[in-house]
Amino acid sequence: MKTVFVTVGTTSFDELIEHITSSEVVHALKARGYERLVLQVGRGSLLPAADSCTHITLEAFRFKDSIAEDMKQADLIISHAGAGSCLEALGAGKPLLVVVNDKLMNNHQMELARQLHLDSHLLYCTCSTLTETLSNMDLSVLQPFLPGQPKNFANFLDRALGVQ
């Protein structure tokens, strides 16, 4: 069963959970052949019930000791733009679509997502452009992010965030 795994990490990103379970986004996912949606909702106020989404199998949870197995089973990972979540998703070697929370103050998520996109490691959007991005995305353009090089990732983060 073609699966999308969505993660917000340890944060709260209810806007993403609302959008990903909307009929428009579910329709876009179904049009691409996805049949199962697994949501890790973190500290958010929303925890959608399994029957709250028609036309797609839905599972939702707040936290687990590890989401590595969820990422391994996914055909597409949709994540917030937290550095830890991005690194874990990229390390899983799965196509990654990052949804930037553009409502955060002093937010460096856009810079991180933009740089990883420029390096062809992921696609990114905001909640308001999620449906369009899912409908038009070309996952074949993505290049693997080589794991096991934390120094390179630290340097990358420094460049992306303007620290260097």
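## Exercises on a predicted fold

Of the contacts in the protein (heavy atoms within 4.5 Å) with a separation of 6 or more, 58% join residues 24 or more positions apart. This is a predicted model, in which local features need pLDDT of at least 70, side-chain atom pairs count only at pLDDT 80 or more, and totals for chains, interfaces and linings use all residues. Numbering starts from 1 along each chain as its sequence is written, and side-chain values use heavy atoms, with hydrogens and water left out.

**Exercise 1.** Work out how many helices and strands the protein has, and in what order they run.

*Solution.* Start by counting: there are seven helices and six strands. Helices (H or I, at least four residues) and strands (E, at least two) are DSSP runs, numbered from the N terminus.

**Exercise 2.** Find which residues of helix α5 are buried, and what covers them.

*Solution.* First, take residues 109-118, which form α5. Gln109, Leu112, Ala113 and Leu116 are buried there (under 20% relative accessible area, with exposed over 50% and partly exposed in between; 1.4 Å probe, protein chains only). Then look down the axis of α5: its buried residues fall within an arc of 95 degrees, so they line one face of the helix. That arc is taken from the directions from the helix axis to the C-beta atoms. Now find the cover, which includes β4 (76-80), α4 (83-91), β5 (96-100), β6 (123-126) and α7 (150-160). Finally, step past the helix: Ser120, which follows α5, has a positive phi near 65 degrees.

**Exercise 3.** Find what share of the 164 residues is buried.

*Solution.* Apply the burial cut-off to the protein: buried residues make up 45%.
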